[in-house]
Amino acid sequence: MLPRQRLEWVEGWGMAVGAAGYVFRPTTIDGVRRTLAEAAREGVPVVVRGAGRSYGDAALRPESVVLDLSRMDRVLAWDPATGVIDLEPGVTIRRLWRYVLGDGWWPPVVTGTMTPAVGGCLGMNVHGKNNWRRGTFGEHCLELDLVLPTGELRTLDAQADAELFRAVVGSFGQLGVITRARLRLEAVASGRVEVEAVSAPDLETALRLADEAKDDWEYVVGWLDGFTRGRRLGRGLLHFARHLEGGEDPAPAQSLRLEHQDLPDVLLGLVPRSVMWRFMRPLTNRPGMRLLNAGRYLVGSTVGEGARYRQSLAEFNFLLDYVPGWKRVYEPGGLIQHQSFVPAAAAAGVFRRQLELARRRGLPPFLAVLKRHRPDPFLLGHGVDGFSLALDFPVRGRRRRELWALVRELAEPVVEAGGRFYPAKDAALPGDLYRASFRDGQLERFHALKADMDPQHRLRSALADRLLYGEG
Ligand SMILES: Cc1cc2nc3c(=O)[nH]c(=O)nc-3n(C[C@H](O)[C@H](O)[C@H](O)COP(=O)(O)OP(=O)(O)OC[C@H]3O[C@@H](n4cnc5c(N)ncnc54)[C@H](O)[C@@H]3O)c2cc1C
């Protein structure tokens with residue numbers, strides 16, 4: 001019997017799904033091995049968990065051992081001459097950039113929040129606003145250590161063991177437990193970026209502008225108004241940014257200091273960031289969000305049009321951390337996100353259909369984010385030469401079933417167009433559609449590797465059961 005005192009309620013970050021699990025938080029590789037052995041003795045599945053920032057059910061599973069790696073958070077080696085760093089899997093992106101910035105380095109791929117951990121970033125193979133330019137997180141990993149469910153430790157080199165390496169990265173913790181990652185970081189001459197903001201009166205313009213900007217700018221990201229229809233459907237604001245070159249920043253030594261990067265404690269000179277979400281809460285309903293989206297577009301497309309300004313790397317990259325705890329505006333039901341990746345030629349048609357469907361069902365997305373992507377070489381990769389649209393939906397008790405049904409409707413045109421889905425944000429995608437998005441034997445190859453590396457099928461998660469194994 002597993003000890004009852006280890007039972008905890010484990011939630012997805014979006015608060016919409018959760019499960020009780022036996023949580024183990026080892027601090028060493030031996031501790032990881034002991035946890036795997038104990039689960040095997042009891043015949044219980046193991047779900048690997050990083051910082052728990054996946055929106056849905058990626059890092060949880062009922063009646064399972066939760067192998068939480070957040071306490072394995074040491075920096076093992078750092079070479080400021082080459083920008084190569086060895087990390088335990090629980091090191092967060094926040095700890096990583098704060099560790100290296102003073103030496104003039106920055107992670108080449110970061111997410112919209114700095115809270116995920118390195119193990120989770122490799123587990124999902126995350127992308128940033130510069131996916132077109134820099135690819136995914138896994139493309140900057142040189143080597144990793146993997147503990148198999150049997151306790152065997154393997155070191156995988158990104159080049160020499162390319163096939164296995166590319167299967168493990170992005171396989172949502174289903175082929176082993178990553179216990180060390182060696183990353184190559186990116187040299188930066190300044191702690192600031194130059195940003196340009198432009199508006200797009202409709203979806204087609206937003207896609208065109210993002211496409212035109214992709215080779216000239218390091219970062220390209222768009223926010224779309226999900227409440228619009230007809231001619232205005234998909235209107236939005238785009239932000240492009242690039243790192244400052246040597247000489248452009250008058251005081252690079254200063255801008256690379258952490259003090260320069262820290263987000264202000266008080267917003268608009270008045271409201272402490274920590275309580276900001278409480279002010280947002282009364283607006284988190286359909287009329288309020290319609291108003292907010294319209295207001296944002298109005299301001300951005302008039303006074304903000306064509307604005308050029310400089311921001312710190314942290315300010316630009318981690319916009320979502322500005323308001324700590326903002327997800328609480330979605331309590332009690334939480335939120336889910338649907339992020340689909342669609343080849344460039346089909347993107348306008350698919351995204352238009354998705355936005356129209358959501359509005360017609362009375363479930364418009366409260367937030368919609370557009371990015372430009374490139375294909376990636378990973379076995380279960382989600383990259384395409386095209387765009388992704390990430391749609392945030394509040395989960396309201398009464399309409400939960402309708403929302404889950406809407407996700408199926410949103411996903412169908414993606415599969416028809418040869419697109420992909422990003423499971424890190426997922427809680428509701430039907431497994432048959434996820435599996436149908438793979439066409440070239442990738443899933444068969446994954447299952448063969450799974451049978452070889454985890455013959456007891458010890459590593460599971462609610463997400464993997466639904467998407468990969470067709471259960472749950
Ligand atoms: C506000 C917000 C903004 C976000 N923005 C972005 C974004 O811009 N781009 C993007 O790509 N993602 C984004 N995400 C998603 C997030 O980056 C991913 O879900 C990421 O995987 C979370 O990392 P984590 O450490 O919290 O992992 P978890 O959520 O705990 O786990 C993620 C997956 O990785 C596996 N895993 C974790 N650790 C290991 C390990 N050591 N070995 C093997 N497998 C492991 C788990 O089993 C699970 O399947 C965002 C999330 C939030 C909350």
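Before the first stop, a word on labels: helices (H or I, at least four residues) and strands (E, at least two) are DSSP runs, numbered from the N terminus. With that in hand, select N125, which sits in the loop between α3 and α4 (131–134). Check its backbone: phi of N125 is near 50°, a positive value in a residue that isn't glycine. Most residues other than glycine have a negative phi, and most peptide bonds are trans. Keep in mind throughout that this is a predicted model.

Select E331 and P332: the peptide bond joining them is cis, with omega about 5°. P332 has its place in the loop between α11 (313–317) and β18 (335–343).

Now over to the ligand.

Next, pick out the polar atoms facing the ligand's oxygens:

- A117: a polar backbone atom is 2.9 Å from an oxygen atom of the ligand.
- G120: here a backbone N or O atom lies 2.9 Å from a ligand oxygen.
- K371: this time the side chain takes part, with a polar atom 3.2 Å from an oxygen atom of the ligand.

On its own the ligand exposes 960 Å², and the protein buries 98% of that.

Last stop: helix packing. Select α6 (residues 203–213) and α12 (residues 344–360); their axes are 10 Å apart and the helices pack at an angle of about 140°. α6 and α12 are therefore oblique to each other, and their crossing is right-handed.

Are α12 and α13 roughly parallel or roughly antiparallel? The axes of α12 and α13 come within 10 Å and cross at roughly 165°. Angles over 145 degrees count as roughly antiparallel, so that is how α12 and α13 run relative to each other. Look along the pair and you'll find that α12 passes α13 in a right-handed crossing.

Note on methods. Residues numbered from 1 in each chain as written. Predicted model: local features only at pLDDT ≥ 70, side-chain atom pairs only at ≥ 80, totals over all residues. Heavy atoms only, no water. Polar contact = N/O pair within 3.5 Å; in protein donor to acceptor, adjacent residues only side chain to side chain. Areas by Shrake-Rupley, 256 points an atom, 1.4 Å probe, with all protein chains shown as cover. Axes fitted to C-alpha atoms, helices over the stretch in contact; angles between N-to-C directions. Parallel < 35°, antiparallel > 145°, perpendicular 65-115°, else oblique. Left-handed = near helix turned anticlockwise from the far one by under 90°.
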